[in-house]
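This report describes selected side-chain pairings and the elements that carry them. The sequence and structure come first.

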Amino acid sequence: MFKKETKLGDILLNEDVIYRIVAEAVDSCEGKAEILHYRGKYMNMVPGIASKMNLYDEENGSIQFSEDDEGLKIRVFIIVHFGASIKNVTAKIIDYIYEYTEKMLGEKPAKVTVMVTGTISRNIAKRHIEVSR
């Protein structure tokens, strides 16, 4: 839970808000990127479906966030499909997260990091590319 103090009182936010924003950011890339576990592995099908129904927290290893004195820091692990521009995909995801986090929470995150753990065509080619803003 995140706690935000305002003039009118305290606002408590559930972590699912951040998960939804990040999932929608990756979905906005029109199939050019997918959320992957931080170890570079695909989410299992059943837990993946269950996590979308809020029955299982599989995305926890794929989306990490913390809050400190600077503000909210979000870290996302993705895989990019072969042929897609890593620069364009990561920029689109970061922009989306900044925009919608500000709309939902009233302030931008202090830092958003997108970790590209690999590219995929037929097989996953492991990579370790970190893009932050």
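A residue is called buried under 20% relative accessible area, exposed over 50%, and partly exposed in between (1.4 Å probe, protein chains only). Tyr19 is buried, because its relative accessibility is 9%.

This is a predicted model, in which local features need pLDDT of at least 70, side-chain atom pairs count only at pLDDT 80 or more, and totals for chains, interfaces and linings use all residues. Residues are numbered from 1 along each chain as its sequence is written, and side-chain values use heavy atoms, with hydrogens and water left out.

Helices (H or I, at least four residues) and strands (E, at least two) are DSSP runs, numbered from the N terminus. Two strands pair if DSSP finds at least two bridges between them. Strands β4 (residues 63–67) and β5 (residues 72–81) pair in the antiparallel sense over five bridges. They form a hairpin with four residues between them, and Gly71 in the turn has a positive phi of about 135 degrees. Phe65 stands opposite Ile74 in β5.

Rings of Phe, Tyr and Trp (its six-membered ring) pair if their centres lie within 6.5 Å; planes under 30 degrees apart count as stacked, over 60 as edge-to-face and the rest as tilted. The structure holds two aromatic pairs.

| Pair | Centre to centre | Angle between planes | Type |
|---|---|---|---|
| Tyr19 and Phe65 | 5.6 Å | 70 degrees | edge-to-face |
| Tyr96 and Tyr100 | 4.3 Å | 25 degrees | stacked |

Tyr19 in helix α1 (residues 15–27) and Phe65 in strand β4 are 46 residues apart, so this pair links distant parts of the chain. Tyr96 and Tyr100 are separated by about one helical turn, because they are four residues apart in helix α3. Tyr96 is buried at 17% relative accessibility, and Tyr100 is partly exposed at 27%.

A salt bridge is a side-chain nitrogen of Lys or Arg within 4 Å of a carboxyl oxygen of Asp or Glu. The whole structure has four salt bridges. One of them joins Asp68 to Lys73 (3.2 Å, N to O). Lys73 also forms a salt bridge with Glu70, with the closest N and O atoms 3.5 Å apart. Glu70 is exposed at 62% relative accessible area, whereas Lys73 is partly exposed at 24%. Another salt bridge is formed by Asp95 and Arg133, whose closest N and O atoms are 2.5 Å apart. This pair links distant parts of the chain, with Asp95 in helix α3 and Arg133 in the segment after β7 (124–132), 38 residues apart. Shared partners join Asp68, Glu70 and Lys73 into one network of salt bridges.
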